[in-house]
Structures are given as structure tokens and as C-alpha cells.
Amino acid sequence: MDGLMERLERAVTRLEQMSVTMQASNGMANGDCVNGINGGLSQCVEAFDVLLRGPVSDYLSNSRAIGSEVEKHAEMVNKALQTQRSFLKMAATHQEPAQTELRDLLKPISDHIQEIQSFRERNRGSNLFNHLSAVSESIPALGWVAVSQKPGPYVKEMNDAATFYTNRVLKDYKESDRRHVDWVRSYLSIWTEMQSFIKQHHTTGLVWSKIGPIAPPSLTAPPTAPSAPCPPPPPPPGPPPVFTDDDSQPQASSAAAQHSALFAQLNQGMDITKGLKRVTDDQKTHKNPNLRSQETPTKSRNPGPGNSPRAAVQKRPPLLELEGKKWRVENFEQKHDLMIEETELKQVVYVFSCNNSTLQIKGKINSIIIDNCKKLGLVFENVVGIVEIINSKAIQLQALGKVPTISINKTEGCQVYLNKDSLNCDIVSAKSSEMNILIPKGDDDYKEFPVPEQFKTVWDGSKLVTEPTEIAG
């Protein structure tokens, strides 16, 4: 018995020494000491700091040069990246937690993403809306930390989403204001460098430390070990505690009473059922249908509260107004007499979240954007720039005059009626389906031509050649 106690004391001593060493290393990592627990993982955080000091810093400077909403948006992005740095630092010094705790750890990053996207939605009338959209569409790239297989390609996909809007910025400002060109370059470089960072340190998903404590459920939780100077080791452990009869009596007596009661019940044998209440035939639901009908009202109460949150959702009021040089047409339902008559060449029309409605635009205008609409009909006369459809369903366009370009992106179902003056129109489509172009044939007759959705790509020896596939049937 004495030998067993000595072995236990030695084991406890070793465990406490290991705990002290681990806490000291954790304190160095949390206190920004040079090496941290694992050299490779601390290098990961240092590499992320290089990204913050480089492309992110340039992006913030260029955003301040532009000012206004772009500067405010950039500050939100910076806060989100700083939160991600804290997350990566924790992953470098802690072991991966359970899924429920991991969701709590990721919540601050998710909140930043929602805040950035909501800022874009609140400033749809801004002249810098394309800048805000480029950031808003690509900021979900910060969610790569939750992508388990290939986080790098996920970030590239988000970067491509930003390019769709940064190309507009370049088109508007390339010849007039160099600040916006520098802004585009610095912002896209953030995600390019992020891909390189992920490829070097987290190729197949976020890497957690193999040693150290389990990560706490919150990034703001106080550290489990001191984060300043490492404390001196504790004194060697004393002899194992000696429990007296007085100390152990309450717990022992309660546990003994519970065990005694349990075994007393088990020892009753067949008599254990004598304490159960007998159910007569008139109390059995399968023999008394009236009892089943009495339970129905209690079940019917549940759907009421469940539907109340839907009823609490309020629709935004419809809007048709001119803000500066932008016509805003938003949130119309079942409205088929919408019309914009007093137009100018420098004005643009932005149609957002209009369902089952019809809009007519007279005169010559710069450009038209249809965003997040369903079952919308648009009739316009002349457009000198572009007509663009984004994130919409079942759209019908009719050009009565000239239009140089029609862009269809992320849209399901689009019918484009051209006239003789707009036959030279360029139609650009991406990630869309069920598109048809109707060409005039005679006075009131049209011939329909589908836009290809399926393509074949082959290598001709020097380059890739892509062409539409023809499906028989």
C-alpha cells in the first residue's frame, strides 16, 4: 500500500510540472512572446500580420483618400480582419474545441460580415455603390476558417465576385481619378495575398495546435493562464490529504442512503409493481375515443406562436424617386403602371426588389440596373451605356431604341425583345439560365433564339477553345 501511494505521488508531481510548463508556454504565446508554443504556428500569425501591414494598410490608406462611405466601410473590414487575427492566434495556441464552442468562436467574424453587408444595403443610393458592392460581395471570404477541405479556392471565388464590381469602378474612374484605381488594386491584393497565406499555412483547412488547452467558447474570454510574465513554478506538492471521518461523513452518508434505497427497491422482486397506479379501461385512450378528442385543442395551440415572427416581419415601403442622378425604383408589388418620363442622358435607373410589376422608361438614359427582382417587365427607349440584370428571376426586357450592351448575371429566366435599332447589341451572360433573345421578324412578329447554357472546352495544342454544345432532341 505504501508503494502504491509513492507511485501516485510521483505521478501527481509529474502532471503538475507538465501543467506549469504548458501554462508558461501559453502565457508567452498570449503575451506576444517571440516563439510561442509551436514555431510553425506562431509563424502563421506573423505571416497574417505581414498581410495586415501590407495590402490591408494600403487599402485603408486608399479608402481614406476617397473618404465618405468607402472609408467607413474600410474601417469595418479592418475590424473584421483584426478579429480574424485574434481567432488565428487562439488556434495557434489552443486545441480545437467541440462544434458548439467552435460556432461561438466564429460568431464575431460572422457578425462583422453581416455588418459590412448591411452597410451596403443601407447606402444603395450612394455614388460609390460599386465600391461598397465589391467589398460586400467578397467579404464572406473571411469564412475560410470554417471551410474544411479547400479554403484557398473558396477565397478565390469570393475574389472573383468582387472583380465583377471593381471592373465597374475601373470603367468609371480609370481615366478620371487615379485614387479609385489604386483602391481597386489594393483591395483585390488582400484576397490574393490571403490565398497565398492559406496555401502556405492552412492548405486543407484551419490548423489547430496539437498541444495546449482546449479553446474557450469566446475570443473575449479571459485567458486561462497569465498572459503577462510567466509566474514562478509552485512549490512541490505536499503529502496527500488525509480525510477524517468528520469530513467524509456527509457525502458518505448521503451516497449510502441513495444506494440503500436503490437496492431496497430492486430487492422487492415482483412486488415492485405494487406501488404503480392502476389504469382502468375508461382512462385508456385506445378504448375511449372521447379522450383523444379532448387532447386536440392542446396540440392546436402550438402553430400560433410559431407564426408570429413571420407576421412581425415588415415590408419596406415602395419607392420611386430621383436622388441626384439616380432614379430609385424599389419594393413594388403588383404594380404595372410604373413610369419614368423626365429623363436625362447622365441619369441611371436602379430597380431593386420589385415583383410582378412593369416599368416603362422614356427618353435617353445612361444605364439601367435590375437587382433582386422577380417577374418584372421593363420597356425602355434608348440607353447609351448598359442594361444589367443581377440576381433576378423571370425578367422581360423590351428595347424600343438603341442599347449597346445587355448584361445578365445570376438570373433564372430572361426574355429580351430587340428591335431593328438594337440588333447590334452585345449580350453578356454569366451564371444564368433560361435566356432567350427575340429578334423582330416583320412588323409584330418575333423569332426566338435561346442563349447557350452548356459549353465544351478542348485543348487545340496551344490554347483552350470553348464553344457551345448542341444537344439534340
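**Close-up views of a predicted model**

Cys-354 counts as buried, because its relative accessibility is 0%. The structure shown in these views is a predicted model.

View 1. Let us begin with the sulfur atoms. How many disulfides does a search of the whole structure find? The count is 0. Cys-354 has the sulfur of Cys-373 as its nearest cysteine sulfur, 4.9 Å away, and is in no disulfide; a disulfide would need the two sulfur atoms within 2.5 Å. Cys-425 also counts as buried, because its relative accessibility of 11% falls under the 20% cut-off.

**View 2. The largest nonpolar core.** This core holds 56 residues, and those that touch the most other members are Tyr-59, Phe-87, Leu-142, Trp-144, Trp-191 and Met-194. Helices H2 (39-66), H3 (68-93), H4 (99-122), H5 (129-138), H6 (151-173) and H7 (178-201) each supply at least two of its residues, and so does strand E4 (348-352). Which element gives the most to this core? That is H3, with 10 residues.

View 3. Not counting residues up to four places away in sequence, Trp-191 touches Ser-138, Ile-139, Ala-141, Leu-142, Val-155 and Asn-159.

**View 4. The largest pocket.** The space in this pocket comes to about 1100 Å³. Its lining is made by 39 residues, and nearest the centre lie Asn-130, Arg-168, Asp-172, Ser-367 and Ile-369. Two or more lining residues come from each of H4, H5, H6 and E4, as well as from strands E6 (367-371), E8 (386-390), E10 (405-409) and E12 (426-430). H6 gives the most to this lining, with 8 residues.

View 5. For the last stop, look for strand E13 (residues 433-440), where Asn-436 is found. Is Asn-436 buried or exposed? Asn-436 is buried, because its relative accessible area is 13%, and buried means under 20%. Leaving aside neighbours within four places in sequence, Asn-436 is in contact with Cys-414, Gln-415 and Val-416, and also with Glu-448, Phe-449 and Pro-450.

Technical notes: Residues numbered from 1 in each chain as written. Predicted model: local features only at pLDDT ≥ 70, side-chain atom pairs only at ≥ 80, totals over all residues. Heavy atoms only, no water. Core = buried A, V, L, I, M, F, W, Y, C linked by side-chain atoms within 4.5 Å. Buried < 20%, exposed > 50% of the residue type's maximum accessible area, 1.4 Å probe, protein only. Helix = DSSP H or I, 4+ residues; strand = E, 2+ residues; numbered from the N terminus. Contact = heavy atoms within 4.5 Å. 1 Å grid on protein atoms, 1.4 Å probe; cavity = no way out; pocket = protein on both sides within 12 Å on 5 of 7 lines; lining within 4 Å. Points joined across faces, edges and corners; volume = space filled by probe spheres on them.
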